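Subject: Structure handover

Hello,

Here is the structure I promised to pass on. Please open it first, then read the notes below.

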Amino acid sequence: MGNIRHCIENSKPSGFDGVKLLYVSTSKYEGDWQSILHSHPFSELFYVVHGSGTFVTEGMEFPVCENDMVIINPNVQHTEKSLYTTPLEYIVLGIEGLAFSFEEIASVQDRILMQTASGDVYKYNTQNSYVYSYLNIMLEEINKKEENYEAVCQNLLEVIMLCMLRHNNLSIVQSSNVLLNSECARIKKYLDANYAENITLDTLAALSHMNKYYMAHAFAKYMGVSPITYLLQKRIEEGKSLLSSTSHSISQIATSLGFSSQSYFSQAFKKATGRTPVQYRAECKRGRQGTV
């Protein structure tokens with residue numbers, strides 16, 4: 001009996017702590033959908049399964065075809081265009097916690113590096129790699145959803161990235177969590193300044209160029225409450241100030257805070273403080289008289 005043992009020497013950790021697979025999506029261009037420029041506070045890997053077209057970044061455009069991998073760093077505006085004769089079919093991975101560096105790479109032959117004001121986009125062809133095989137296994141795991149499929153997909157992501165780093169002189173330089181926190185801080189600042197406006201999740205998603213559900217999740221992780229809950233808390237705090245320092249009517253205060261009606265303001269105020277606006281104002285007045 002023959003027996004061959006291959007020992008692993010100098011084994012190193014992957015170095016992907018904090019890197020998380022957010023989603024895997026598959027798309028096929030069928031001519032009835034137009035993509036628009038958009039961005040994310042996380043990286044994306046865009047793999048072309050079939051077809052051809054162009055990939056568009058901030059003022060720049062380059063061709064893509066079967067087996068091409070496009071790496072999009074966080075916050076770079078991008079979209080894709082398909083040729084009608086050979087429609088694009090592709091797989092996209094959303095990845096939180098990393099960005100790529102392309103310092104040692106130049107645009108040669110089938111490799112293209114686009115440097116934009118917001119960040120870098122890099123394309124190369126994976127024809128001689130196993131990336132598509134790993135992606136297919138990942139999709140199969142997601143479709144079957146057997147026990148621990150999330151861990152399998154996360155590990156497959158790390159395998160794909162290790163193969164990419166091995167063959168393309170790429171390196172990971174920063175966590176996109178910093179960028180994500182910056183986006184959430186910008187949303188908070190906007191809410192603080194515009195709390196009286198009619199603000200929805202769609203409003204904030206457009207402001208941050210994020211998917212609204214991902215944006216809400218990211219903000220809740222950053223602030224501890226959802227954007228709409230934070231907006232309501234902000235309005236209640238401002239309401240307390242107006243009730244204690246002005247003689248404006250409850251109706252006027254409700255309108256100035258962005259509430260649709262006085263009854264909604266009163267209901268929300270009581271739920272948050274345990275008192276109606278009238279009771280709160282009376283308490284504040286008694287408190288001031290007691291200090292005179």
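Start with Phe46, which stands opposite Val92 in strand E7. Please keep in mind that this is a predicted model.

Strands around E2

The pairing with E7 (residues 89-96) is antiparallel and is made of seven bridges. The pairing of E2 with E5 is antiparallel too, with four bridges. How much of strand E2 is buried? Seven of the eight residues of E2 (residues 43-50) are buried, so the strand is largely enclosed by the rest of the structure. When you look along any of these strands, remember one general point. Side chains in a regular strand alternate between the two faces of the sheet.

Salt bridges

How many salt bridges does a search of the whole structure find? The search finds nine. Side chains of opposite charge can pair when their charged atoms come close.

- Lys123 and Asp68 form a salt bridge, with the closest N and O atoms 3.4 Å apart. This pair links distant parts of the chain: Lys123 sits in strand E10 (residues 120-125) and Asp68 in strand E5 (residues 68-72), 55 residues apart. Are these two residues buried or exposed? Both Lys123 and Asp68 are buried.
- Lys212 and Asp202 meet through their side chains in a salt bridge, at 3.2 Å from N to O. This pair also links distant parts of the chain, with Lys212 in helix H5 (residues 212-223) and Asp202 in helix H4 (residues 201-208), ten residues apart. Lys212 has 24% relative accessibility, so it counts as partly exposed.
- Asp192 and Lys188 form a salt bridge, with the closest N and O atoms 3.0 Å apart. They belong to helix H3 (residues 176-194), and because they are four residues apart, about one helical turn separates them. Asp192 counts as partly exposed because its relative accessibility is 23%. Lys188 is at 26% relative accessibility, so it is partly exposed as well.

Helix H6

What span should the 19 residues of helix H6 have, and what is found? At 1.5 Å a residue, H6 (residues 227-245) should span 27 Å. Its end C-alpha atoms are 27 Å apart, which agrees. Several residues of H6 are buried, among them Tyr230, Leu231, Ile236 and Leu243. Arg235 is buried too, as are Pro227 and Gly239.

Cysteines

How many disulfides are there? The count comes to zero. Cys163 counts as buried because its relative accessibility is 17%. Cys284 is also buried, with a relative accessible area of 17%.

For a first pass, I would view Phe46 with Val92, then the Lys123 and Asp68 salt bridge, then helix H6 from end to end.

Best wishes

Terms used: Residues numbered from 1 in each chain as written. Predicted model: local features only at pLDDT ≥ 70, side-chain atom pairs only at ≥ 80, totals over all residues. Heavy atoms only, no water. Helix = DSSP H or I, 4+ residues; strand = E, 2+ residues; numbered from the N terminus. Expected span 1.5 Å × (residues − 1). Buried < 20%, exposed > 50% of the residue type's maximum accessible area, 1.4 Å probe, protein only. Salt bridge = Lys/Arg side-chain N within 4 Å of Asp/Glu carboxyl O. Pairing = 2+ DSSP bridges. Disulfide = S-S within 2.5 Å.
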